[in-house]
Amino acid sequence: MHQAFYRKWRPQTFDDVYGQEHITSVLRYEAEHGTFSHAYLFFGSRGTGKTTCAKILAKVVNCERPVGGNPCGECEACRMIETGATTDILEMDAASNNGVENIRDIRDEVVYAPSALKYRVYIIDEVHMLSASAFNALLKTLEEPPEHVVFILATTELHKLPATIVSRCQRFDFRRISTEQLMKRLNYIAEQEGLTLEPDAARLLSKLAQGGMRDAISLLELCAGSNRNITSEVVGAVVGVTGRDAMLKTVNAIANADFDALFSQVDEVVQSSKDLAVFWQDLISVYRDMFVVKTTSGAASYLDLTDYETKQITEAAGKFSKETLLAHCKLLEDALYAMQKANAVKRIVAELTLVRMCEPTLDTSNEAILSRIAKIEDLIAVGAFSAERPREEKKTEIKAAKEREKELEPKQAIPEEKFDDSVKPAEPEQPISYDELMSGRRVLRPLRQWAEVVERVSLKNAMIAGFMKKASAFTLEDGKILIRFSSPFDRDMAFSGNGKEDLRGALSTVLKREIIESQLLVEIVVGRESDLFDEILDAADDADDLSE
């Protein structure tokens, strides 16, 4: 009769157990020195070796000639346990035997000495399924069992166990097995079974197992049933998963808003009879990896990827902001939940979600709005609303902004022929007197939004904003912005650090046009007793508005 791989290749000694050295080393020590506990509690996710270690422990406590803390496998006790010819080893599934009467039977039996072995061992699997009354019945026996009895409790849900039970056991936490260790075990089994397992296929199987050895071996057997030469393509076809290259292709299509590629990808998954929910979980996994790359400095230590895959993920993550990734993860999560509830409309859910991921304006969730705001902030921070627009388009926008500025000029402006073009404005870096300033005869219009500009700068640096607040701002005829300081010290402090860039970004946001560095002028005006000149200009401007 055929025996499943995971049963055929179940470890028979602690040395054969993969990924749980922190547990097997302690159990070997106890076996070597004969210092066994009366009760053990094995906790961990499925397929990590709980039942396997329980069976090995049951052997070694009764083994007549232990070898290095492992059962010899040759003595009569080991052979009896292996063949199931003894009644002193009792395995009970608490999921189907969770009543108080089952525990009472155990309580009545423990008083009797073992029939053939040194110890009577009770292995209770999924112990968290016991009822409250059953736990109460087990409590006293578990605390003070006879010397010839050993209890081994196994569970995947430790939080469901009463604290009184946990405190009476020697607890061992089984960890998820790493991908490298799973690959090593799969390669060994494949070699023994005469299978050709390619490295990419072994890695894919190990990832799909999610840290469980039993799942990994079962998937290997599933793939071996269709082909003796197991490749990543065979794994994808048998298990129904999509390769990482296809996932990255989908991510790039989302970044480029390529709807044709997205609908084609969904159609390919549906036509190949793969489960869309599995495809969706793979896509969520890729987004998780991108989010790790985007938010951490040592992403390689958190990602179970090769160097080439890490490079691909890093390049893909560079196309999204953290806020956008967060919004997309929320959409993917909601879509997966919807797919699980309505199998008939999986395709519609997938396609609509991908469209919403490409068009943030169609999504009104908080995460989507946060993503859109982040894009605007990034553009403002660099002083441009689109740094990659064609030069001619930018020129057209600047020209339109200048025309809007001219439309806002006072109607009673000084005629152009009255200006003396021979008189040049003072250099920004050199202080000029009030009299020299008046002789320049430039038309300056106070920048009314200056207070708002300073307020935006204060959100990034309150100290710098304090010095900017003491300055005055004006709009020149050519659309440039003139900032006047009363002293070189105020100017230097206002522009310290990233002050100048913060100011340009705030001006661009408030004025709704790009302010490049050459459009920002700075003057230092000395010899003024007060801000009377600014007050006169403001009053004149208000009078013009009232007259209109």
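1. A residue counts as buried when its relative accessible area is under 20%, and as exposed when that area is over 50%. The model discussed here is a predicted one. With that cut-off, F467 is buried because its relative accessibility is 15%. F489, by contrast, has 51% relative accessibility and so counts as exposed.

2. How are the rings of F467 and F489 arranged? Their centres lie 5.8 Å apart and their planes stand at 75 degrees, so this is an edge-to-face pair. F467 belongs to helix α22 (residues 462-469) and F489 to helix α23 (residues 488-494), so the pair ties together parts of the chain 22 residues apart in sequence.

3. The aromatic pairs come to eleven in total. Another of them joins F36 and Y119, again edge-to-face, with 6.4 Å from centre to centre and 70 degrees between the planes. This pair links distant parts of the chain, 83 residues apart: F36 sits in the loop between α2 (21-33) and β1 (39-44), while Y119 sits in the loop between α5 (100-109) and β3 (120-125). F36 is partly exposed, at 22% relative accessible area. Y119 is also partly exposed, at 23%.

4. Ring pairs also build a cluster, whose members are Y40, F42, F172 and F174.

5. Helix α5 has the buried residues V100, N102, I103 and I106. Why do they fall on the same side of α5? They span an arc of only 160 degrees around the axis, and therefore share one side of the helix. As for what they face, the buried residues of α5 pack against β2 (89-93), β3, α6 (132-143) and β4 (149-155).

6. The last point concerns helix α12 (residues 244-255) and helix α14 (residues 276-295), whose axes come within 10 Å and cross at roughly 70 degrees. Angles of 65 to 115 degrees count as roughly perpendicular, so α12 is roughly perpendicular to α14. On the α12 side, the contact is made by R244, M247, L248, T250, V251 and I254. On the α14 side, F279, D282, L283, V286, Y287, D289 and M290 take part. Sorted by class, the contact of α12 with α14 has nine nonpolar residues, one polar residue and three charged residues.

Methods. Residues numbered from 1 in each chain as written. Predicted model: local features only at pLDDT ≥ 70, side-chain atom pairs only at ≥ 80, totals over all residues. Heavy atoms only, no water. Phe/Tyr/Trp six-rings, centres within 6.5 Å; stacked < 30°, edge-to-face > 60°. Helix = DSSP H or I, 4+ residues; strand = E, 2+ residues; numbered from the N terminus. Buried < 20%, exposed > 50% of the residue type's maximum accessible area, 1.4 Å probe, protein only. Arc of directions from axis to C-beta. Contact = heavy atoms within 4.5 Å. Axes fitted to C-alpha atoms, helices over the stretch in contact; angles between N-to-C directions. Parallel < 35°, antiparallel > 145°, perpendicular 65-115°, else oblique. Nonpolar A, V, L, I, M, F, W, Y, C, P; charged D, E, K, R; others polar.
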